[in-house]
Amino acid sequence: MPVRRSFVVSLVVAAASFSACSTGEPAADDLDRRLCSSADLQGDYIELARGEFTPRDLADLSDDADFRERQFEEAGLLRGRFVFFNQVLPKPPFDPPLSVVCQAVEFATPEQAAAYAAGLDTDHPALQVSGIAWLPEGNRTVEDVAPGVHRITVEPSGRRIGVLVAHVAQGKFFT
(Lines give C-alpha, C1' and ligand atoms only; values in the text may rest on other atoms or scores of the structure.)
Protein backbone atom coordinates (compact mmCIF):
# COMPACT_ATOMS: atom_id res chain seq x y z
CA MET A 1 0.00 0.00 0.00
CA PRO A 2 1.56 3.35 -1.00
CA VAL A 3 -0.02 5.28 1.89
CA ARG A 4 1.29 2.76 4.44
CA ARG A 5 4.81 3.05 3.09
CA SER A 6 4.73 6.83 3.46
CA PHE A 7 4.09 6.66 7.20
CA VAL A 8 7.61 6.01 8.38
CA VAL A 9 8.02 7.51 11.80
CA SER A 10 4.87 8.35 13.72
CA LEU A 11 1.18 7.53 13.62
CA VAL A 12 -1.36 8.74 16.08
CA VAL A 13 -4.35 6.44 16.02
CA ALA A 14 -7.57 8.36 15.57
CA ALA A 15 -9.73 5.69 17.17
CA ALA A 16 -7.65 5.78 20.33
CA SER A 17 -7.87 9.56 20.41
CA PHE A 18 -11.63 9.59 20.23
CA SER A 19 -12.32 7.15 23.04
CA ALA A 20 -11.02 6.61 26.51
CA CYS A 21 -9.22 3.28 26.67
CA SER A 22 -7.38 1.17 29.20
CA THR A 23 -3.62 0.69 29.15
CA GLY A 24 -3.93 -2.93 30.25
CA GLU A 25 -2.38 -2.00 33.59
CA PRO A 26 -4.17 -0.80 36.69
CA ALA A 27 -5.23 2.74 35.88
CA ALA A 28 -3.83 5.28 38.30
CA ASP A 29 -6.14 8.07 37.15
CA ASP A 30 -8.11 9.52 34.25
CA LEU A 31 -5.01 10.25 32.16
CA ASP A 32 -4.01 6.58 32.10
CA ARG A 33 -7.50 5.53 31.01
CA ARG A 34 -7.23 7.86 28.02
CA LEU A 35 -4.01 6.36 26.67
CA CYS A 36 -4.21 3.65 24.03
CA SER A 37 -2.97 0.10 24.55
CA SER A 38 -1.41 -2.41 22.15
CA ALA A 39 -4.82 -4.12 22.06
CA ASP A 40 -6.33 -0.88 20.69
CA LEU A 41 -3.93 -0.84 17.75
CA GLN A 42 -4.58 -2.88 14.65
CA GLY A 43 -1.52 -5.04 14.11
CA ASP A 44 1.33 -6.27 16.27
CA TYR A 45 2.88 -3.48 18.41
CA ILE A 46 5.14 -3.47 21.45
CA GLU A 47 5.28 -0.74 24.05
CA LEU A 48 8.69 0.92 24.10
CA ALA A 49 8.18 3.80 26.53
CA ARG A 50 5.67 5.63 28.68
CA GLY A 51 5.95 8.60 30.94
CA GLU A 52 4.62 11.83 32.34
CA PHE A 53 5.27 15.42 31.35
CA THR A 54 4.70 18.86 32.77
CA PRO A 55 4.08 22.12 30.93
CA ARG A 56 7.81 22.82 31.27
CA ASP A 57 8.78 19.44 29.80
CA LEU A 58 6.62 20.13 26.75
CA ALA A 59 7.89 23.72 26.50
CA ASP A 60 11.50 22.51 26.51
CA LEU A 61 10.87 21.01 23.05
CA SER A 62 10.50 24.49 21.56
CA ASP A 63 13.01 27.20 20.74
CA ASP A 64 11.70 29.61 23.41
CA ALA A 65 10.90 27.35 26.35
CA ASP A 66 10.11 30.12 28.86
CA PHE A 67 7.61 31.75 26.51
CA ARG A 68 6.02 28.42 25.56
CA GLU A 69 5.74 27.35 29.22
CA ARG A 70 3.85 30.58 30.01
CA GLN A 71 1.54 29.88 27.07
CA PHE A 72 0.80 26.36 28.32
CA GLU A 73 0.19 27.55 31.87
CA GLU A 74 -2.07 30.41 30.69
CA ALA A 75 -3.98 27.86 28.61
CA GLY A 76 -4.61 25.85 31.81
CA LEU A 77 -2.41 22.85 30.93
CA LEU A 78 -1.69 20.98 34.16
CA ARG A 79 0.05 17.72 33.19
CA GLY A 80 0.19 14.95 30.64
CA ARG A 81 1.11 11.34 29.99
CA PHE A 82 2.23 9.46 26.89
CA VAL A 83 2.81 5.93 25.65
CA PHE A 84 4.99 4.99 22.65
CA PHE A 85 4.60 1.81 20.58
CA ASN A 86 6.57 0.38 17.67
CA GLN A 87 5.27 -2.06 15.10
CA VAL A 88 6.66 -5.61 15.18
CA LEU A 89 7.64 -6.68 11.68
CA PRO A 90 8.01 -10.06 9.98
CA LYS A 91 11.19 -11.15 8.23
CA PRO A 92 12.33 -8.89 5.35
CA PRO A 93 11.29 -7.62 2.93
CA PHE A 94 8.77 -5.38 4.67
CA ASP A 95 7.52 -1.81 4.72
CA PRO A 96 9.14 0.48 7.30
CA PRO A 97 7.68 -0.02 10.79
CA LEU A 98 5.00 2.30 12.10
CA SER A 99 5.32 4.01 15.44
CA VAL A 100 2.40 5.19 17.55
CA VAL A 101 2.43 7.87 20.24
CA CYS A 102 -0.69 8.39 22.35
CA GLN A 103 -0.91 11.36 24.68
CA ALA A 104 -3.43 12.56 27.22
CA VAL A 105 -3.26 16.06 28.68
CA GLU A 106 -5.24 17.45 31.60
CA PHE A 107 -6.41 21.07 31.71
CA ALA A 108 -7.84 22.95 34.68
CA THR A 109 -11.30 23.21 33.06
CA PRO A 110 -13.25 21.65 30.17
CA GLU A 111 -13.42 25.07 28.55
CA GLN A 112 -9.63 25.35 28.52
CA ALA A 113 -9.24 21.90 26.92
CA ALA A 114 -11.81 22.81 24.24
CA ALA A 115 -10.15 26.18 23.60
CA TYR A 116 -6.73 24.51 23.21
CA ALA A 117 -8.12 22.01 20.69
CA ALA A 118 -9.98 24.73 18.77
CA GLY A 119 -6.92 26.98 18.69
CA LEU A 120 -4.45 24.53 17.13
CA ASP A 121 -2.73 25.84 14.05
CA THR A 122 -3.70 23.56 11.16
CA ASP A 123 -0.38 24.27 9.43
CA HIS A 124 1.69 22.68 12.20
CA PRO A 125 -0.60 20.54 14.40
CA ALA A 126 1.99 17.80 14.97
CA LEU A 127 4.48 20.27 16.37
CA GLN A 128 1.93 21.75 18.73
CA VAL A 129 0.08 18.63 19.79
CA SER A 130 2.87 16.18 20.29
CA GLY A 131 6.05 18.22 20.29
CA ILE A 132 7.46 16.43 17.26
CA ALA A 133 10.62 18.55 17.15
CA TRP A 134 12.44 15.97 14.99
CA LEU A 135 10.11 16.46 12.02
CA PRO A 136 12.54 17.63 9.30
CA GLU A 137 12.27 20.86 7.39
CA GLY A 138 11.22 20.55 3.79
CA ASN A 139 8.24 20.73 1.51
CA ARG A 140 5.50 20.28 4.12
CA THR A 141 1.85 19.70 3.29
CA VAL A 142 -1.04 19.39 5.72
CA GLU A 143 -4.29 17.67 4.77
CA ASP A 144 -7.47 17.40 6.80
CA VAL A 145 -8.34 13.70 6.90
CA ALA A 146 -11.36 14.02 9.22
CA PRO A 147 -12.48 16.44 11.94
CA GLY A 148 -9.55 16.63 14.35
CA VAL A 149 -7.32 14.44 12.14
CA HIS A 150 -4.47 15.88 10.02
CA ARG A 151 -1.96 14.19 7.74
CA ILE A 152 1.38 15.99 7.57
CA THR A 153 3.76 15.01 4.81
CA VAL A 154 7.34 16.24 4.59
CA GLU A 155 9.64 15.48 1.67
CA PRO A 156 13.22 16.29 2.61
CA SER A 157 16.00 15.08 0.27
CA GLY A 158 13.77 12.88 -1.87
CA ARG A 159 12.38 10.88 1.07
CA ARG A 160 8.76 11.02 2.14
CA ILE A 161 7.83 11.12 5.82
CA GLY A 162 4.20 11.05 6.89
CA VAL A 163 2.58 11.72 10.23
CA LEU A 164 -1.07 11.42 11.20
CA VAL A 165 -2.16 13.60 14.08
CA ALA A 166 -5.58 13.09 15.67
CA HIS A 167 -6.91 15.05 18.62
CA VAL A 168 -10.06 15.69 20.59
CA ALA A 169 -11.07 17.47 23.79
CA GLN A 170 -13.31 15.51 26.16
CA GLY A 171 -14.20 17.28 29.38
CA LYS A 172 -11.02 18.72 30.86
CA PHE A 173 -8.85 16.27 28.89
CA PHE A 174 -7.18 16.60 25.52
CA THR A 175 -6.05 13.40 23.74
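**Entry 1**

I started at valine 105, which stands opposite phenylalanine 174 in E9. Strands here are DSSP runs marked E of at least two residues, helices are H or I runs of at least four, and both are numbered from the N terminus. I noted that this is a predicted model, where local features need pLDDT of at least 70 and side-chain atom pairs count only at pLDDT 80 or more, while totals for chains, interfaces and linings use all residues. Residues are numbered from 1 along each chain as its sequence is written, and side-chain values use heavy atoms, with hydrogens and water left out.

Next I looked up the pairing of E4. E4 and strand E9 (residues 173-174) run antiparallel, with 2 bridges. Strand E3 (residues 77-87) is also an antiparallel partner of E4, over 9 bridges. To count as paired, two strands need at least two bridges found by DSSP. I found valine 83 with cysteine 102 of E4 as its bridge partner.

Is E4 buried or exposed? I found 9 of its 9 residues buried. Buried means under 20% relative accessible area, exposed means over 50%, and partly exposed is in between (1.4 Å probe, protein chains only). Ser99, Val101, Gln103, Val105 and Phe107 are buried on one side of E4, and Val100, Cys102, Ala104 and Glu106 are buried on the other.

**Entry 1: the disulfide**

I searched the whole structure and found 1 disulfide, meaning a pair of cysteine sulfur atoms within 2.5 Å. Cysteine 36 and cysteine 102 form the disulfide, with sulfur atoms 1.9 Å apart. Cysteine 36 sits in the loop between helix H3 (30-33) and strand E2 (45-53), and cysteine 102 sits in strand E4 (residues 99-107), so the pair ties together parts 66 residues apart in sequence. I also looked up the torsion about the S-S bond: it is about 85 degrees, so the disulfide is right-handed. Cysteine 36 is buried at 0% relative accessible area, and cysteine 102 is buried at 7%.

My search of the whole structure gave 12 salt bridges. Each is a side-chain nitrogen of Lys or Arg within 4 Å of a carboxyl oxygen of Asp or Glu.

Which side chain meets glutamate 106 at 2.6 Å, N to O? I found arginine 79 there. This pair links distant parts of the chain, with arginine 79 in strand E3 and glutamate 106 in strand E4, 27 residues apart. Lysine 172 also forms a salt bridge with glutamate 106, the closest N and O atoms being 2.9 Å apart. Lysine 172 lies in the loop between strand E8 (169-170) and E9, so its pairing with glutamate 106 in E4 ties together parts 66 residues apart in sequence.

Glutamate 106 is buried at 9%, whereas arginine 79 is partly exposed at 27% and lysine 172 is partly exposed at 31%. I then saw that Asp29, Asp32, Glu52, Arg79, Arg81, Glu106 and Lys172 are linked in a network of salt bridges.

**Entry 2: helix H6**

Last, I looked at helix H6 (residues 110-118), where Ala113, Tyr116 and Ala117 are buried. They cover an arc of only 95 degrees around the axis, which puts them on the same side of H6; the arc uses the directions from the helix axis to the C-beta atoms. On the other side of H6, I found Glu111 and Ala118 exposed.
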